[in-house]
Every structure is written in structure tokens, then in C-alpha cells.
Amino acid sequence: MANKSSKVDLKTLSFSESVSHYFDKASKFTGAPQGLLDQIKTCNSIYKMNFPVKWGNEVKVVEAYRVQHSHHRMPTKGGIRYSTFVDQDEVMALAALMTYKCAIVDVPFGGAKGGINISPRQTPPEVLEAVTRRYTAELVKKNFIGPGIDVPAPDYGTGEREMAWILDTYMTLRPGDVDGYGCVTGKPVSQGGVHGRTEATGRGVVYALNEICSHAEDMKALGLTTGLEGKKVVIQGLGNVGYNTATIIREYGAIIIGICENDAAIHNEKGLDPVAVLKYRQETKGIAGYPGAKTIKKSAEGLELQCDILIPAALEKQITDLNANKIKARIIAEAANGPITPAAEEILLAKGIMIVPDIYVNAGGVTVSYFEWLKNLSHVRFGRMEKRFDEQNQRNLIKLVEEMTGKTVTSDKVKKIIHGADEIDLVNSGLEDTMIKSYNDIRQFKKANKGVKDLRTATFAVAINKIRDSYYAMGIFP
Ligand code: NAD
């Protein structure tokens, strides 16, 4: 289990081995003893299941997983992925990333992940529902789900609908569990979800990039100006994360010049409107031929467009040693989990490209999932108790100012000033604060440790140190 990263061929690493490689690379910058590092790195529990599902007139066997990587904090937390690429190695890698991700953004959970080997696009909704409900029942049987045990969320190929099925199945099997709504996050708001969860990962990516681009010294080193305004952006994947990142980053003045999807990539230097591209995709089942843009038939070539920020938001292993040399972006923000292989990373770093690692930049989803879980346990909507009280206080203050100055504040201004926080305001504010604080923890660590050359190593080291401290606090490691 000792540090083997220098001996391995980076090109042959599996996804979970890649995560271990990053861990080993960073661990020498932490003050943790080897035994504790081994404990942090290992996967605690792996549950592989096979169950039958009725599909038309046939019965098919479905392969599924739930991996709990670390129990240093409970519950464990992580999304559920539906894809035909799902296997044990992938789910283990994603569960490990969740442990480090939660630590980075101070979300008090251990890491977990689930996966079902199924294509959501080619499976009828009634079969998807049966599979989701059976999967949940299997988790309940083995005590692998619950608000204090393990809390799933959406990931690739899943969303609010699947989370609502999970909740309903759990509540059916555990009637009377007063905190039962906290068994899963990413639920529809009408089913105990929180406002802002759907777009949280994309919004978090934008808050992170806005903070990163505000540091003049770092931007100068990359040959860029500060701020997101005018930055040219390419996005891979127009799903939950990619679409929301695209729409929100435009509000900051960035220009989406390229979008890559399964079927093709599209390019327009003047800018693409993701809302219109999504509408076109829904109508035509692809983005090829989108009017007003050049279509690039080989989708992966879209990643090679000249741009300031490249945002892979689809799947792992999209930038490898085979295409890394052709990447022309100055910053790559890993909105997806594991989109860059370790062999590619070495090439990109040598080219002076800044890589913002997945365990930080896409942590907005789990941050807002944490807020949802808190809402479920407190049984009250954020802002419900104080909104009117705060508004009345502001009104009194304005009245006092008017009396003292003899001037009247216009009704438009009064409306703006008194606005008490709604749930969405509080969620977004908590998310922005989290992304800013976490980035500055990482940046400070990198500055303070001269041997740390890249953001991923700094991020892993900060995460490992936080987990190390939880173990020390438990008194398990002297
Ligand atoms: P999604 O299923 O909503 O969307 C993924 C999109 O990527 C789809 O539109 C799909 O067609 C496209 N795609 C797939 N392969 C592609 C390829 N080779 N080239 C171009 N496009 C391709 O999934 P999502 O929830 O947006 O997740 C995307 C990534 O973000 C995953 O790596 C996931 O683990 C990660 N992530 C998701 C969340 C979340 O809250 N959903 C949180 C953190 C990280």
C-alpha cells in the first residue's frame, strides 16, 4: 500500500488506480503516518448485487453497486450513476473521490457512490422505475441506505425523478422514520428537495472559476486577464452539469464558443446560446447541424479548440495521453469526475495549463445536497422563520433614516433593501461562500508548500489532512 506512483506506467492505470496515484502523490505533503494514509485510501465496504427485472416479455439480470469508501464521518454520501460503463472499479474510484470532495468543502460525510449498469436512454421509464425501486430495496435489506447511514444523490444518467422513486421506496419499507426524507438528496422540491440543488454543481463550477480568475497574479502567469467577462469557454457534455455551467457562466460575461456532445461538437467564435442548443438537441436528438455554428463531426476534436477555459462535464478519461498535446485551453475545470488521465495530466502541466481538479470544482452538488439533508432533518424550509422579521427590521431602519434626514426613499429602493432571504438566496450564498473559502484553502496550501506544483496535489493534500484530523479526534491513531 506504500507510495508506488513513481514505478507504475501512468498510461495503464484504471480509474480507481488513478485516484490512488493522486492520493500517493499528495500524501507526502501531509503529516499523516503511513498506517493512517492506508486507512484513508482504502474502500471500506463494497456491495455488488445482481437482481432480475421484467422487461417486456423477458426477464433481464441487472448488475449494480454501492460502495462506501470511508466511514470516518457518517452518513456516507454520493450519487448514483446509470450507464453501461458502470463496473466495480468505476464505482470505487467515484466513491473515493467523494470522500476527498466532502473533506475539501467541509461537508461532514464519508464518501460513497452507486452505479447501475443500464442505459437510461434505451430503457423504458417503467423498467427504470422497477430497477430503481428494486435497487433501493436491496440497499434497505443490507442497511446500506438511511439518513444516518448512506445518502445517495443524482449523478450521470439520474435526476430528480429517480431520487423521488428512491425516497418513496425507502419510506414504504421504513414507515415512521421521522427523518426518512434525509435518506436521499436531489429530490424534487415538492418531495423534500431544496431550491437550487438541480443547478448546484454547475453553479459551483462557475463560483469556483470566478474566484480562480479573480487572482491577478495567477491569471498573469497564465497570460490571462482577471474576471470571467469575455473569457472563451468550451464545454463537453450538455447534461445537468454542463448545461447549468454554460447558462450560469454566460451571466458572468463568458462566451461559450464550443459545445461537444455525444454525436458531434459545434463551434462559433461569436458565442453559442446553450438554451437554444439544448432545444435543438431535444428536437433533433443531437447537436450536429445546429444553425449558425460550424459542426465538428468528431466530437472529441471540440476539446482541442483554442479557448481560455475548457470544461469537460461528461465522463471520465476524455483527455488522455493521446489528445493532451492538442489541448489549447489555459485553464481546464474538471466539472466531470476524472476527465483527465494521470498520463495526460503530466503533459498538460508541462504545457503550463492550470487544472482545477474535480474534487474541488464539482463539489457544489454535494454542498447543496448537504443543505438539503440539513433541511430534511430540521423539517423546516430555510428562511421560513426569519424572512418577515428581517424585512420588518429593514423597514424600521428605512423609516428611521427618513425621519432623521427628512428625505423619502423611493418604493423601488425600499423593495430592494428590505428583501428578506428566500431559500434559494441562502442556498446560493452558502454555496458561493463554500467555493471561495475552499479555493483559498487550496491556494494557500500550494503557496506554503513549494514542492507542490499543481492544484490537484494541493487539493488532495488539504483533503487528506482534514480526514487525518478527524481520525486523530476519534483517538484511533495516536
Ligand atoms: P448527465 O447524464 O446529466 O449529462 C451528461 C451529458 O454528457 C449527456 O448530455 C451526454 O450525452 C453527454 N456525453 C456523454 N458522453 C459524452 C462524450 N463522450 N462526449 C460529449 N458528451 C458526452 O450527467 P451529469 O449529472 O451532468 O454528470 C456529468 C459528470 O459530472 C459526471 O462525471 C458526473 O459524475 C459529474 N458530476 C455530477 C454531479 C451532479 O450533481 N449531477 C455532481 C458532481 C459531479
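Is C102 buried or exposed?

Author: The model is a predicted one. C102 counts as buried, because its relative accessibility is 0%. The closest cysteine sulfur to that of C102 belongs to C43 and lies 14 Å away, which is too far for a bond. A disulfide is a covalent bond between the sulfur atoms of two cysteines. The cut-off used for such a pair is 2.5 Å between the sulfurs, so a separation of 14 Å rules out a bond from C102 to C43. C183 takes part in no disulfide either, and the nearest cysteine sulfur to C183, that of C102, is 17 Å off. With a relative accessibility of 0%, C183 is also classed as buried. When the whole structure is searched, the number of disulfides found is zero.

T136 sits in helix α4, which covers residues 125–141. Its relative accessibility is 0%, so T136 counts as buried. Setting aside neighbours within four places in sequence, T136 has contacts with I145, I166, T169 and Y170. T320 is 184 residues from T136 along the chain, and the C-alpha atoms of the two are separated by 35 Å.

R281 belongs to helix α9, residues 274–284. The relative accessible area of R281 is 15%, and R281 is therefore buried, since the limit for that class is under 20%. If residues up to four places away in sequence are not counted, R281 touches R121, L238, E261, G286 and I287.

The backbone has a few points to check in the loops. Between M74 and P75 the peptide bond is cis, with omega near 0°. P75 is in the loop that runs between β2 (58–68) and β3 (76–82). D106 is not a glycine, yet its phi is positive, at about 55°. The loop that holds D106 lies between α3 (88–104) and β4 (110–116). D106 has 43% relative accessibility and so counts as partly exposed. K317, again not a glycine, has a positive phi of about 55°. K317 is placed in the loop between β10 (309–312) and β11 (331–333). At 40% relative accessibility, K317 is classed as partly exposed.

Helix α12, residues 364–378, packs with helix α15, residues 423–448, at an angle of about 135°, and their axes are 10 Å apart. This angle makes α12 oblique to α15. The crossing in which α12 passes α15 is right-handed. From α12, the residues making the contact are G364, T367, V368, F371 and K375, while α15 supplies E423, V427, G430, L431, T434 and M435. Sorted by class, the contact of α12 with α15 is made up of five nonpolar, four polar and two charged residues.

To return to the request: C102 is buried, C183 is buried, and the search of the whole structure gives zero disulfides.

Notes: Residues numbered from 1 in each chain as written. Predicted model: local features only at pLDDT ≥ 70, side-chain atom pairs only at ≥ 80, totals over all residues. Heavy atoms only, no water. Axes fitted to C-alpha atoms, helices over the stretch in contact; angles between N-to-C directions. Helix = DSSP H or I, 4+ residues; strand = E, 2+ residues; numbered from the N terminus. Parallel < 35°, antiparallel > 145°, perpendicular 65-115°, else oblique. Left-handed = near helix turned anticlockwise from the far one by under 90°. Contact = heavy atoms within 4.5 Å. Nonpolar A, V, L, I, M, F, W, Y, C, P; charged D, E, K, R; others polar. Buried < 20%, exposed > 50% of the residue type's maximum accessible area, 1.4 Å probe, protein only.
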